[in-house]
Amino acid sequence: MSTLRSQLRAQLVRFDEDAFIALANRGLLRRAQKDLEKQNVVTVDQSADTLTLALGEYHIRFDIRGPAHAHCSCPALGVCQHILAAAISLTHRSVADKPHAVDEAMEADLLPPLHAELLQFDASSLVRHAGKTGYRWACQFILDLDPESGVEIGGDRHILIRFAHPRMSFRYM
């Protein structure tokens, strides 16, 4: 198994249905699941940098960045149903190759390493990512939260932060 394939599978083990919906939308996810019922995803080419899979006549090329940056030969822009189907196929192969892959990942407890990684972000890197305005907004948002506002932190495959008011949630994959 190539290193890239194993790295992609490690990323995709953390994806649940909501993560795939966030990547595209619910309708494309349904179409991708229907495509997988009718067709198999096959490996066309793999190198150290890319993995190319085929679903019917379409070729999907993944790199280390995962499904959000994958490219499909269909005319759609961005993440399409073929990319979703290929990603789901890699996920299912991962679980099929190793029947208890998800359970073992939970036993390895993925959340503490993710939490530690989040804590390594310093203010300057957050400002570089979100800009000064975005950073200030986020800081003020946190300061304005009522302690009893219903903030939930959890998740089993990834960190999930939910706010009751305003109603929104964030995932860290």
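In the predicted model, 51% of the contacts in the chain between residues at least 6 apart in sequence join residues at least 24 apart. The chain has seven helices and seven strands. From the N terminus on, these elements follow the order α-α-α-β-β-β-β-α-α-α-α-β-β-β. Of the 173 residues in the chain, 32% are buried.

The largest nonpolar core consists of 28 residues. Within this core, the residues with the most contacts are Phe20, Leu53, Ile60, Phe62, Ile83, Leu84 and Leu90. Two or more core residues come from each of helix H1 (3-12), helix H2 (17-23), helix H3 (26-38), strand E2 (51-55), strand E3 (58-62) and helix H4 (81-97). The most is given by H4, which supplies seven residues to this core. In soluble globular proteins, nonpolar side chains tend to be buried together.

Leu90, one of the core residues with the most contacts, touches Arg5, Leu8, Arg9, Leu12, Leu51, Leu53 and Phe62 when residues up to four places away in sequence are not counted. Ala87 is also found in helix H4. With a relative accessibility of 0%, Ala87 falls under the 20% limit and therefore counts as buried. Apart from neighbours within four places in sequence, Ala87 is in contact with Leu12, Phe20, Phe62 and Pro67. Ala87 and Leu8 are 79 residues apart along the chain, and their C-alpha atoms are separated by 8.6 Å. Ser89 counts as buried because its relative accessibility is 10%, and, with neighbours within four places in sequence left aside, its contacts are Leu36 and Val41.

One aromatic pair is counted in the model. The pair is formed by Phe15 and Phe20, with 5.1 Å from centre to centre and 45° between the planes, and is tilted. Both partners lie under the 20% limit for burial: Phe15 counts as buried at 12% relative accessibility, and Phe20 counts as buried at 5%.

Asp18 has its place in helix H2. Its relative accessible area is 37%, so Asp18 is classed as partly exposed. Asp18 and Leu29 are eleven residues apart in sequence, with a C-alpha to C-alpha separation of 9.8 Å in space. In the loop between H2 and H3 lies Ala24, which is partly exposed because its relative accessible area is 25%. Ala24 is in contact with Val79 and Leu84, leaving aside neighbours within four places in sequence. The C-alpha atoms of Ala24 and Ile83 are separated by 9.6 Å, although the two residues are 59 apart along the chain. Arg26 lies in helix H3 and has a relative accessible area of 43%, which places Arg26 in the partly exposed class. Not counting residues up to four places away in sequence, Arg26 touches Glu17 and Ile21.

The largest pocket has a volume of about 1,100 Å³. The lining of this pocket is made up of 23 residues, and those nearest its centre are Leu118, Leu126, Ala138, Ile142 and Ile161. At least two lining residues are supplied by each of helix H6 (111-119), helix H7 (123-144), strand E6 (159-163) and strand E7 (168-172). The most is given by H7, with eleven residues. By class, the lining comprises 18 nonpolar, four polar and one charged residues.

Technical notes: Residues are numbered from 1 along each chain as its sequence is written. This is a predicted model: local features need pLDDT of at least 70, side-chain atom pairs count only at pLDDT 80 or more; totals for chains, interfaces and linings use all residues. Side-chain values use heavy atoms; hydrogens and water are left out. On a 1 Å grid over the protein atoms alone, a cavity is a set of points where a 1.4 Å probe fits but cannot get out, and a pocket is an open set with protein on both sides within 12 Å along at least five of seven lines; lining residues have an atom within 4 Å of a point. Grid points are joined across faces, edges and corners, and a volume is the space filled by probe spheres set on the points. Helices (H or I, at least four residues) and strands (E, at least two) are DSSP runs, numbered from the N terminus. Ala, Val, Leu, Ile, Met, Phe, Trp, Tyr, Cys and Pro count as nonpolar, Asp, Glu, Lys and Arg as charged, and the others, Gly among them, as polar. A nonpolar core is a set of buried Ala, Val, Leu, Ile, Met, Phe, Trp, Tyr and Cys residues joined through side-chain atoms within 4.5 Å. Buried means under 20% relative accessible area, exposed over 50%, partly exposed in between (1.4 Å probe, protein chains only). Contact means heavy atoms within 4.5 Å. Rings of Phe, Tyr and Trp (its six-membered ring) pair if their centres lie within 6.5 Å; planes under 30 degrees apart count as stacked, over 60 as edge-to-face and the rest as tilted.
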